[in-house]
Amino acid sequence: MAALCESFTLCGLGPSGGVGLDGGLLALEPGPDRDHVLLTDRGRTATLFKVSDQKPLGCWSAKHGQIITCPVVCNFETREYIAVHDDKVLRIWKNTDVNLDKVFKATLSADVYRIHSLPKGGPVVLFKGGGVRTLDVLLEAPQQEIENIISDEVIKWSEAFMEHQQPVLIFATEKNGDSFVYVQKLKMNYLHKYKLERQELSKALSFTAYIKNQIITLLCLSSNDSVYKFLIPLQQNTEKEEQILPRSLLLNLSVSGSVLKGTSFVVLDKDHIAVLGSLATAGEESKECLTIWNTKFQTLQTSKELPLGTSGQIWCYEKKFFFTHGKVLTVVMYKCETSSLAAAVGKLKDSQAPDVSSFVDWNTLGDEELVISFQSQQSVALKPESRMTLRSKKNTVAKVQPDTLSVGQLLLNLKDASTTVFENELRQVMSKGQMPDFQATIGCVVTALINRCKTNPKYYPRNFLLQIVQNQDLSYSLCPDLMVVALEKKDLHLLQICLQRFPDIPEEITYACLKAFLSISDAYLQRIDLNLESVICYLDIEFNDKEVKTEIVENGFSTELEQDIWETKITKKLHGTSDGESCPVGPQKAALLNAVLRSAYSETFLLPHLKNLPAQQAVLFLRYLYYLYVKCSEKINTTLPGTCPPTVNQIMDWLCLLLDAQFSVMVMLPEAKELLSKLHKFVRAQVRFYSELNKIEGSLQELQRLNHQKDPHTYSVEVLELI
């Protein structure tokens, strides 16, 4: 029994995804830990992801003009990463390295097809000519001659295994429509070539293999909608002539009049395979879907429709499927149980309806697609599989489907409704707080509003969107177009709230907000209603041209500021810090910048964007960070008063990040020279101060110990000499 389980988005593949996979995904490989995967795009970037958190842990890019030509892999023994760009240039780096141009480099003598990394066997390099080397042997002499053993054939697929502590490599080639397989044992200098039996008018589309009991089972997905099996023994073969491997039919990809046109597949266990492809039914439009088949009983176990389309490639790792769906990389978990005839035909007595959560991309779905997604949210998937569904499963679907259908149908019906009717109906949908998948429904409501904004540029429900973001626990992934539209409309208050509440904002959007905030004048910002709670307790603000010096206490409370502060006109005159340094921005801009400072980000992905920040904006931002740093240092606990101000660690992190990104620009700007000098002197003074404190730390601890030993009721005067 096999079933598809919940699904989620790992990352975006386009510019809005913030991951840099604009050229599409080349491959997915296991990372150094079980929860990590390495993504290689069809350009120059490799990204390490933690799957459970859906967050990138690292990103490395080759220089402009260089192209990564085979999947990046991890050396599990050394926890290093290995890449090949421009076919021959080998790169090796660690997780702490940032610039690939400065890591280990070796230029090889032949073009590399693929690198396979084995957990206990190390990396194995396969060259396009069929030659194979372990990485250790290759690094001893990178320019060593590599033999060419396949002449006019082209490698289509390869895989590596460990068998009896020996690496075994298998790769398939093609020539004039014929397919060949090479098996090589590296340590025994064993290489044998086989020719695969073929059927006329059919072509091999995809391969996969597994090894057990010294026998390699090679599976081939054919263009005639079938999967064939070939058995290859690993024992020493004395025959020098190539053998023809007979094939046997493993599975016919058809059920109840529908045929699956597969593009790629993976083996799940000895009785199950997963196939990605298009399901074609006579008289109906074909639909891309993910399917799981039982090869033992020749049945379709479950399927999942993919309305946004795929790249045709699927990967399987740690009980999870990975494939592109629309503009995102989707992860679908699955489970496989021991096969039995009752389970295969859907008659298992204790069978439960598999928990299938349909993927919904709120960013790209149109109105009609929203309805389709809601209709399939609780269904098992496609029509052929539903014929095998238990009666109890149908009843379960019937109970949950009306609510989800009503939401999807409502959105379609409201497509041409007036603005008043449209918003009133959406408010009624949001009032049903107990409905299933409520957060997904709210995301759908926001998407519907944004879609109307795109089709009608004059329509922008600012207050409605602000109310949703403030009152609901949303995230960026649920409504990815919201902040993009807010940036276009210059809705700064909404952007401020999103930055404060969304935990998963891509670094590209964070940078776009920062750039927008810095570019807007303080005069314009004075007319905008913003939340100033993060700044009012440490900025001295003048009200109606009457100076008010606020007295700050440790808890951030100020009586002057408590008195009708939101009804008082705020002017832009600000007063300085204790050393005379004045705040370079107004309170509104400071509040917006504080929202950016407190947002979550990855340095690896934010740094390239900060390098594009205009010089004048970079200087202004650096002045504000310096001002905050000095303000923090005025207090013993280095904490700014008020509601949710940036912490000293956040300020320091942004200071370092900005200087890393803009240092070469800063040293060339005359207006930045004095600022850098002041920052340097201030930091140096603090280092000296803390260094002096460290010198007397032992004496202070001894003094504290002596005080504890004496009677506190006895009065005395003592003179202690600190040496």
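Cys70 is buried, its relative accessible area being 1%, where buried stands for under 20% relative accessible area, exposed for over 50% and partly exposed for what lies in between, with a 1.4 Å probe and protein chains only. The model is a predicted one, in which local features need pLDDT of at least 70 and side-chain atom pairs count only at pLDDT 80 or more, while totals for chains, interfaces and linings use all residues. Residues are numbered from 1 along each chain as its sequence is written, and side-chain values use heavy atoms, with hydrogens and water left out.

**Cysteines**

- The count of disulfides comes to zero, a disulfide being taken as a pair of cysteine sulfur atoms within 2.5 Å.
- Cys336 is in no disulfide, and the nearest cysteine sulfur, which belongs to Cys316, is 8.5 Å away; Cys336 counts as buried because its relative accessibility is 18%.

**Overall make-up**

- The protein has 19 helices and 32 strands, these being DSSP runs numbered from the N terminus, with helices (H or I) of at least four residues and strands (E) of at least two.
- Of the 723 residues in the protein, 50% are buried.
- Among contacts between residues at least 6 apart in sequence, 57% join residues at least 24 apart, a contact meaning heavy atoms within 4.5 Å.
- The protein exposes about 35300 Å², of which carbon and sulfur atoms supply 50%; accessible areas come from the Shrake-Rupley method with a 1.4 Å probe, and for residues only the protein chains shown count as cover.

- Ser264, in strand β23 (residues 258-269), counts as buried because its relative accessibility is 1%.
- A polar atom of the Ser264 side chain lies 3.2 Å from the backbone nitrogen of Ile314.
- Leaving aside residues up to four places away in sequence, Ser264 touches Ser206, Leu221, Ala274, Val275, Leu276, Gly312, Gln313 and Ile314.
- Tyr190, in strand β16 (residues 190-196), is buried with a relative accessible area of 2%, and its C-alpha atom is separated by 9.7 Å from that of Leu234, which is 44 residues apart from Tyr190 along the chain.

**Aromatic pairs**

- The count of aromatic pairs comes to 10, where rings of Phe, Tyr and Trp (its six-membered ring) pair if their centres lie within 6.5 Å, and planes under 30 degrees apart count as stacked, over 60 as edge-to-face and the rest as tilted.
- Tyr81 and Trp93 form a tilted pair, at 5.9 Å centre to centre and with 35° between the planes; the pair links Tyr81 in strand β7 (residues 80-85) to Trp93 in strand β8 (residues 89-93), 12 residues apart.
- Both Tyr81 and Trp93 are buried, and ring pairs link Trp60, Tyr81 and Trp93 into a cluster.
- Phe621 and Trp654 form an edge-to-face pair, at 5.7 Å centre to centre and with 75° between the planes; this pair links Phe621 in helix α16 to Trp654 in helix α17, 33 residues apart.
- Phe621 counts as buried at 0% relative accessibility, and Trp654 is buried with a relative accessible area of 0%.

**Helix α18**

- Helix α18 (residues 670-695) has 26 residues and reaches 39 Å from its first C-alpha to its last, close to the 38 Å expected at 1.5 Å a residue, the expected span being 1.5 Å times one less than the number of residues.
- In α18, Ala672, Leu675, Leu676, Leu679, Phe682 and Gln686 are buried, and the buried residues of this helix pack against α16 (615-633) and α17 (648-666).

Definitions and conventions. A polar contact is a pair of N or O atoms within 3.5 Å; within protein, one must be able to donate a hydrogen and the other to accept it, and residues adjacent in sequence count only if both atoms are side-chain atoms.
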